[in-house]
Amino acid sequence: MLLGCVADDLTGATDLALTLTREGLRTVQVNGVPDEDLPVGDVDAVVVALKSRTIAAESAVAQSLAAAARLRALGARRLLFKYCSTFDSTDRGNIGPVAQALLGFAGGDFTVFCPAFPRAGRSIYNGYLFVNGVPIDESPMKDHPLTPMRDANLCRVLQRQTELPVGAVTYADVDAGPAAVAAAFARETACGRRALVLDAISDAHLRTLGAAIADLPLVTGGSGIAIGLPAAYLARGLVAALTPPPATIAAPAGRAAILAGSCSAATRGQVARAIAAGVPALRIDPLAIADGTTNAATVLAFLDATPGEGPALVYSSAEPAAVKAAQERLGVEAAGHGVEALLAEVAAALPARGYGRLIVAGGETAGAVVGALGAGTLRIGPEIDPGVPWTESLTGPKLALALKSGNFGSEDFFLKAWDLLR
Ligand code: ADP
């Protein structure tokens, strides 16, 4: 194992693990700080998914250090701290404090910060973060409920979060190639700067940066910062070979199910498309869950009565007006928790009923389901749609699992995903 990664949320971890896999590293994802005897097998990279993006900075630091120490114990010689490509954080953290603590742990004079993800519309120019062509403080992220971004200058944002002196390596140097970037690193660190924001407006820039940062004990960024690392590790002999990403994944025989707890527009479209295509479907409603008319037994009875191998669909996905009505009756948290807890209880009962293939829609929903299944360690398989791979559970029951962030995936996702299983 070469590269140990700490990601600040679950679907971000999957995104990074998929990027590394696509670029040739054999990668597993671990949900939560791994055990000492983690069965990672023969891999190049391990990505630990935390849920630390918006918790108190001290807890985020403690969890991240615990994850880094475990990764180091498992053999990691390089560390990567992954956060969102919109640099989601407040003036108190958590990106700055976690990066500073991890730099202290990893050693090294300095680290880099690069949330750029040009293909998803996130680019950095002269230290300013743009989202779909506008500075982030003019994008919808300015109104994010937890981490509103009101300043597009990442050097200023970061300096408010860390004691490390912040510098930048900008477009002209990045565009000129790895040697120019290395010279810029020397120039900045000679001035005492230890936290360097890196420009990138294209994948070519990210590949240049990969070559320039491959020897750093710690790098930080969005999933884009990983694009150039595998090839750079190969060039340095740090990995013996790059492994082509798997085109299919071996899935246990058995029945298939889709559990959708996301109300995002993409998931609602996928649910409608699956129903139109004839997939047997059961709609669950937070109010019926709250009054007990819908429970794990009623949902499992529906699944048991579904003929054939499936897939069968259980969904709570609803239009915004229905979600609002349920939230007003039950409270936002209770409405969400009721759905998550029910889908998690149903998921946990599926393996014993012969289910081996499962799609889960919704980030929070997926977190609840993998927790209930004990699917703490996942080997990354083929990409179904951008950002969503099939995975294979290495702990808990043997399953092929696809964890889909609510807004990801094309409309026929629930129909086509099965074609990649064998
Ligand atoms: P996404 O990835 O789309 O954000 P999540 O699973 O992260 O999806 O979040 C969706 C949240 O909404 C969950 O807490 C889920 O339990 C809750 N939820 C799902 N269906 C309903 C519904 N019909 N009414 C109210 N809340 C719901």
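How many cavities of 30 Å³ or more does the structure hold? There are two, where a cavity is a set of points on a 1 Å grid over the protein atoms alone at which a 1.4 Å probe fits but cannot get out, and lining residues have an atom within 4 Å of a point. The model is predicted, so to speak of local features takes a pLDDT of at least 70 and side-chain atom pairs count only at pLDDT 80 or more, while totals for chains, interfaces and linings use all residues. Residues are numbered from 1 along each chain as its sequence is written, and side-chain values use heavy atoms, with hydrogens and water left out.

The largest cavity holds about 50 Å³ of space, a volume being the space filled by probe spheres set on grid points joined across faces, edges and corners. Its lining includes Asp-8, Arg-53, Phe-81 and Asp-88.

As for the second largest cavity, its volume is about 30 Å³, and Thr-11, Thr-14, Gly-387, Leu-403, Ser-405 and Phe-408 line it.

Then there is the second largest pocket, at about 220 Å³; a pocket is an open set with protein on both sides within 12 Å along at least five of seven lines. Of its 16 lining residues, Arg-26, Thr-27, Pro-246, Arg-379 and Ile-380 are the closest to its centre. Strand β16 (residues 377–385) gives the largest share of this pocket's lining, three residues.

Definitions and conventions:
Helices (H or I, at least four residues) and strands (E, at least two) are DSSP runs, numbered from the N terminus.
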